[in-house]
Amino acid sequence: MTEPDLALHLGPLAISGTVLTTWGVMAGFTLLALLLRLPAKGGLARLHTALEAVVVAIDGAIGEVLPAAAVRRVLPFVATLWLFVLVANLVGLIPGLHSPTRDLSATAALAVLVFASTHWFGIRDRGLRNHLRHYIEPSVILLPFHIISELTRTLALAIRLFGNVMSLEMAALLVLLIAGFLVPVPLLMLHVVEAVVQAYIFGMLALIYIAGALEPNESDTSAMETPS
């Protein structure tokens with residue numbers, strides 16, 4: 001953690017701007033969830049409709065990757081991940097704030113969360129023994145390669161999001177320094193589009209990893225249902 005990133009001190013505890021911004025995003029989602037518990041009247045009715053459309057779209061995207069039986073189990077996690085990364089990417093548009101996802105520690109935490117959730121869904125669906133057994137199939141010789149693959153894809157997931165968001169904000173800053181405020185609207189549109197794309201890619205990769213943990217079970221189920 002570098003000194004310019006420090007936002008405040010609580011005694012010996014130093015809290016960075018990334019942490020404060022992340023807390024702000026989480027508080028915003030909490031407030032939104034509380035609002036959705038209220039009766040859908042007036043403006044809240046339109047908010048309910050808009051969020052329902054978002055959830056339906058995410059549900060459809062998940063359904064294209066996972067079998068129907070697994071969609072409802074995975075939907076809460078993947079939808080939350082998608083929306084959080086999207087809002088975190090867009091926070092950089094607010095003057096004086098930086099996207100939490102431009103900090104490698106934040107993207108690493110998200111990548112570790114995806115790593116843990118992948119194994120959680122796999123163990124929940126197949127059981128601990130069957131989930132771990134696929135790491136030594138078809139041969140135990142492949143175990144080190146499976147472990148390396150798990151670690152490298154988690155690292156790549158963290159670095160990809162961090163690098164893209166960091167480069168986007170740096171490019172925006174350079175353009176503003178060179179051209180002033182002559183091109184703010186196209187620049188903002190570029191930021192919004194890139195933020196949406198990066199959130200989609202991150203969520204889709206997480207979804208693919210989870211599908212990989214569930215796929216062996218689906219294959220086993222299909223084999224059992226196939227008549228001999």
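Mentor: Start with axes: they are lines fitted to C-alpha atoms, for helices over the stretch in contact, and angles run from 0 to 180 degrees between N-to-C directions. Helices (H or I, at least four residues) and strands (E, at least two) are DSSP runs, numbered from the N terminus. This is a predicted model: local features need pLDDT of at least 70, side-chain atom pairs count only at pLDDT 80 or more, and totals for chains, interfaces and linings use all residues. Residues are numbered from 1 along each chain as its sequence is written, and side-chain values use heavy atoms, without hydrogens and water.

Trainee: At what angle do H1 and helix H3 pack?

Mentor: About 125°, with the axes of H1 and H3 (residues 68-90) 10 Å apart. Angles under 35 degrees count as roughly parallel, over 145 as roughly antiparallel, 65 to 115 as roughly perpendicular and the rest as oblique. H1 and H3 are therefore oblique.

Trainee: Is the crossing of H1 and H3 left-handed or right-handed?

Mentor: A crossing is left-handed if the near helix is turned anticlockwise from the far one by less than a right angle, and right-handed if clockwise. H1 passes H3 right-handed. By contrast, H1 and H2 have a left-handed crossing.

Trainee: Is Leu143 buried, exposed or partly exposed?

Mentor: Buried means under 20% relative accessible area, exposed over 50%, partly exposed in between (1.4 Å probe, protein chains only). Leu143 has 31% relative accessibility, so it counts as partly exposed. Leu143 lies in helix H6 (residues 143-179).

Trainee: How much of the chain is buried?

Mentor: Of its 228 residues, 31% count as buried.
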